[in-house]
Protein chains: 2
Amino acid sequence: VLKLGIIGSTGHTNYVLNGLREHEHEVVLAGIAPGSDGENIDSLQSKAFQARYQPKAYLNGMELLDQLQPDIVAIACHFHDHARYVIEALNRGIHVIVEKPVATTLADLEKVKYAYGQSKAMLVAMFGIRYTAPFVTAYQAIQEGAIGRVRLIQAQKSYRMGDRGVPFLSRQTYGGTIPWVGIHAIDWVYWLSGESFETVYAAHSAFDNKGHGELEATAMCQFTMSNEVMASVSMDYLRPKQAPSHGDDRIRLVGTEGVLEVRDQQVQLINGREEGIQVLPLLPKRELFTDFIDQVKRVGTCMVSAEDSFYVTEIGLKAVISADEKRVVSLAN
Amino acid sequence: VLKLGIIGSTGHTNYVLNGLREHEHEVVLAGIAPGSDGENIDSLQSKAFQARYQPKAYLNGMELLDQLQPDIVAIACHFHDHARYVIEALNRGIHVIVEKPVATTLADLEKVKYAYGQSKAMLVAMFGIRYTAPFVTAYQAIQEGAIGRVRLIQAQKSYRMGDRGVPFLSRQTYGGTIPWVGIHAIDWVYWLSGESFETVYAAHSAFDNKGHGELEATAMCQFTMSNEVMASVSMDYLRPKQAPSHGDDRIRLVGTEGVLEVRDQQVQLINGREEGIQVLPLLPKRELFTDFIDQVKRVGTCMVSAEDSFYVTEIGLKAVISADEKRVVSLAN
């Protein structure tokens, strides 16, 4: 039985808690701890208890790593502390599932990559939207050639602002709206196109952020990619509370043989197969946590690799530099 | 009665021919002529005859200007010849309605602006999509504060390729997909936001253009604008022939108080007025030609000014430079 610890409850711990249900015979939630100064994990604790798990509560993440010595750790504390715990875990040979972005600075990301290179442990970042039914369906269709070669992509994230906590209010703890929100759309662009990023020009603005300090309420990135593919990623926190859902995730991929869109949790396709717009039957959603457990047990592979996790984080962080410095940033390695 | 001449039949002469019907008592189509080497105006001639107009056919545009001496000339020849005829017409005090872009090079555009400054004649470019019902409705709603201040914009043009004629195949005669197709979306961004452009980073690619020479099948521009507004404009010729329509024009404007979208000839709005997505009742479409005639008669004003026509053309041409040279181009004047 694998021992699991969770550090922090600021990010999407539900990927882990929900996934855990199917693995109760092989994974036990043995410990939880706050990861960041002032981080409150009451909600994580009550969710764990509601699910009848009885994790031991540690004072902080370092104690959890040292005393619990888990096989796997999920890290979802304040975003600027992700990298620190990832490195500590990897150095101890503990497998890591970490909230995106993996790091909030390029310097921290380099340290994470070094630690990963030295470690035998596995790592995945929570690019969990890949695992939802519309995105699994879109990926499969594109792999099967539904739109030919991808040539142009527009992707969108749009959220309600609501009340964001203190870690969102400063760049130092938050990292920026591009690496927190936009990073998902950057991930889709990368994953669905199969192309690599060449340049980015980005913009972001903290105007009209409803009192949320340095948090950028709007941001936009334009990427040039290999094979003269181009992509735009837009993100905002201005979705009205009257909207029918919290978020409005979209992507439109224009290919040589068709156009595919994910919108309103649907997948729409236009190509030579039939006249008009086809709405694809959705494939079942998958579970990131399940895939990662299988990978740890060496019976499967995550759709999100460690390399993907690092690469997409890097692109997001370089886009922040582009937006801050108002210049094109090269993404070629 | 105003004498009207039409030079060329490569662009959207239907704005003029359709508009003319309501003005037969005050405007007479007196002459037509090809504007460019090798330009065939048979289709214009037969449309004119079908509508029971009896314009005199001139050998070329210069003869039409000199011999017919029209009050108004519509110019819609090969795109690189627009500027030449606009200048000749303005120098003769003839009012001009010209296909976009007004010019295909910045040097030509400067000459046009100079001629306009010296002339008492009026000018409008065929930014006719502003006049369609969804865009009139969107403009009105935004003016009335439906979404507060505009913060972020995504706009899209998507067309079927079909068979494009020879003038589309070389940059020299075509000007580029950004100033031919994308310019409409640039115009919407400008008109609906009320902001001015500050920088552009653009990309375009002639890959997969189905044998259309230098024509770019995909292109994309990201703009920064005044007040930290940001905008992305995407365009492609890859819309499959099985699609339910020739074109797929869209714009999404995210504001401080709501989100408005034009899509599928509809206007959707989310704001504080009611729960969920509102589909706005469409206002009636308007006629660019009618407005221009009223302007010439000094009893009205076009929604598209001469200054708008020049400015949007300039932004499109500078975006081409950005895409060609793969660098950010400043748009501040």
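A residue counts as buried here when its relative accessible area is under 20%, as exposed when that area is over 50%, and as partly exposed in between (1.4 Å probe, protein chains only). The model is a predicted one, so to speak of local features takes a pLDDT of at least 70, and side-chain atom pairs count only at pLDDT 80 or more, while totals for chains, interfaces and linings use all residues. Side-chain values rest on heavy atoms, with hydrogens and water left out.

Now for the rings. A pair of aromatic rings is described by the distance of the centres and the angle of the planes. Rings of Phe, Tyr and Trp (its six-membered ring) pair if their centres lie within 6.5 Å; planes under 30 degrees apart are stacked, over 60 edge-to-face, and the rest tilted. That gives 27 aromatic pairs over all chains. One of them joins A:Phe135 and A:Trp188, a tilted pair with 4.4 Å centre to centre and 35° between the planes. A:Phe135 belongs to helix α6 (residues 133-143) of chain A and A:Trp188 to helix α8 (residues 177-193) of chain A, so this pair ties together parts 53 residues apart in sequence. Helices here are DSSP runs (H or I, at least four residues), as are strands (E, at least two), numbered from the N terminus. Both A:Phe135 and A:Trp188 are buried.

A:Tyr139 and A:Trp191 make a stacked pair, 4.3 Å centre to centre with 5° between the planes. A:Tyr139 is partly exposed, with a relative accessible area of 24%. Elsewhere, ring pairs link A:Phe79, A:Phe168, A:Tyr174 and A:Trp180 into a cluster.

A charge sits over a ring if NZ of Lys or CZ of Arg is within 6 Å of the ring centre and within 35 degrees of the ring normal. A:Arg84 does this over A:Tyr85, at 4.6 Å from the ring centre, and B:Lys100 has its charged end over the ring of B:Trp180, 3.5 Å from the centre.

B:Trp180 turns up again in the second largest pocket: among its 28 lining residues, B:His12, B:Tyr159, B:Trp180, B:His184 and B:His246 lie nearest the centre. A pocket is an open set of points on a 1 Å grid over the protein atoms alone, where a 1.4 Å probe fits, with protein on both sides within 12 Å along at least five of seven lines; lining residues have an atom within 4 Å of a point. Helix α8 of chain B gives the most to this lining, with 3 residues.

Terms used:
Residues are numbered from 1 along each chain as its sequence is written. Chains are lettered from A and ligands numbered from 1 in the order in which they are written.
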